[in-house]
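This report examines a single protein chain at the level of its fold, its cores and its charged pairs. Please consult the sequence and the coordinates alongside the text.

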Amino acid sequence: SSSRAPGSKLTSSVLQGYASGVAGRFTQALFGILLVASAIPSLFAATLVDQRGKTIEFATPPQRIVVIPLPMAAVIMTLDGTSKRVVGMHPAARQSITDGFLHTVFPEAGSIAADITRGGQLTPNVEAILALRADTVVTWTEPAEAVQVLERAGLRVVTLINNPSTR
């Protein structure tokens, strides 16, 4: 019997494949946070620097994650080995998971809230996110005003760069 964490079954080649995109550093950091959280939650404390350069402190593992960037909900679930921590995702991301292979791996992902954006776009629906009691929101760095609104609402926000040429 193995006592490995759920996400630890990923091979290094799979992790490298995810890490090769725009969100590479974020994905590697998130993988580390989720792996440590799953393996030894009582010793958990982590720091992540998001893609705007902001340091985000995690005193405890994120348990209620809302994900706005389309591919990242699937990445987080795959790295974590479960969909239990993702409580909200973009409607197009949920549809993609429901219609694709990941639905066989994470059938419960079809019931994750998808009303976290306004009009199905990328503008956060702050009221819906607050109603989900999110402890972490993953979103794009732009528009900066949307990130600021989430932070003013008291949410911990981790950002990704949508367009690398704007960096």
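The sections below cover the model, its architecture, its nonpolar cores and its salt bridges.

## Model and conventions

The structure is a predicted model, in which local features need pLDDT of at least 70 and side-chain atom pairs count only at pLDDT 80 or more, whereas totals for chains, interfaces and linings use all residues. Residues are numbered from 1 along each chain as its sequence is written, and side-chain values use heavy atoms, with hydrogens and water left out.

The pLDDT, the predictor's confidence in each residue on a scale from 0 to 100, averages 79 over the protein chain, and 70% of the residues score at least 70. Over residues 1-20 the pLDDT stays under 50. For that segment the model has 24 contacts beyond four places in sequence, a contact being heavy atoms within 4.5 Å.

## Overall architecture

The protein chain contains 7 helices and 6 strands. These elements are DSSP runs numbered from the N terminus, helices being H or I of at least four residues and strands being E of at least two. Their order from the N terminus is α-α-β-β-β-α-β-α-α-α-β-α-β. Of the 167 residues in the protein chain, 46% are buried; buried denotes under 20% relative accessible area, exposed over 50%, and partly exposed the range in between, with a 1.4 Å probe and protein chains only. Among contacts with a separation of 6 or more, 52% join residues 24 or more positions apart.

V67 has M89 of β4 as its bridge partner. The path from β3 to β4 passes through helix α3 (residues 72-80), and this β-α-β crossover is right-handed; that is, with the strands pointing away from the viewer, the path from the first strand over the helix to the second runs clockwise.

Helix α3 is mostly covered, with 9 of its 9 residues buried. The buried positions include M72, A73, V75, M77 and the polar residues T78 and D80. Just after α3, G81 adopts a positive phi of about 80 degrees. S83 is placed in the loop between α3 and β4. Why is S83 classed as buried? S83 counts as buried because its relative accessibility is 3%. Its contacts, leaving aside residues up to four places away in sequence, are M77, F106, E108, A109 and I112.

## Nonpolar cores

A nonpolar core is a set of buried Ala, Val, Leu, Ile, Met, Phe, Trp, Tyr and Cys residues joined through side-chain atoms within 4.5 Å. The largest such core has 19 residues, and V67, M77, V86 and M89 have the most contacts inside it. The elements giving two or more residues to this core are β3, α3, β4, α4 (91-99) and β5 (136-140), and α3 gives the most, with 7 residues.

M89 touches V67, A73, M77, R94, I97, A109, I112, A113, A114 and I116, not counting residues up to four places away in sequence. Another core lies apart from the largest one and has 14 residues, among them V66, V87, V137 and L150. In soluble globular proteins, nonpolar side chains tend to be buried together.

## Salt bridges

A salt bridge is a side-chain nitrogen of Lys or Arg within 4 Å of a carboxyl oxygen of Asp or Glu; by this rule the count is 5. R52 meets D50 in one of them, at 2.9 Å from N to O. R52 is classed as partly exposed because its relative accessibility is 32%, whereas D50 is buried at 3%. R52 also forms a salt bridge with E151, their closest N and O atoms being 2.9 Å apart. This pair links distant parts of the chain: E151 belongs to helix α7 (residues 144-152) and R52 to the loop between β1 (46-49) and β2 (55-58), 99 residues apart. E151 is partly exposed, at 25% relative accessibility.

R118 and E127 form a further salt bridge, with the closest N and O atoms 2.3 Å apart. R118 is partly exposed at 41%, while E127 is exposed at 51%. Through salt bridges that share partners, D50, R52, K54 and E151 are joined into one network.

How values were computed: Pairing = 2+ DSSP bridges.
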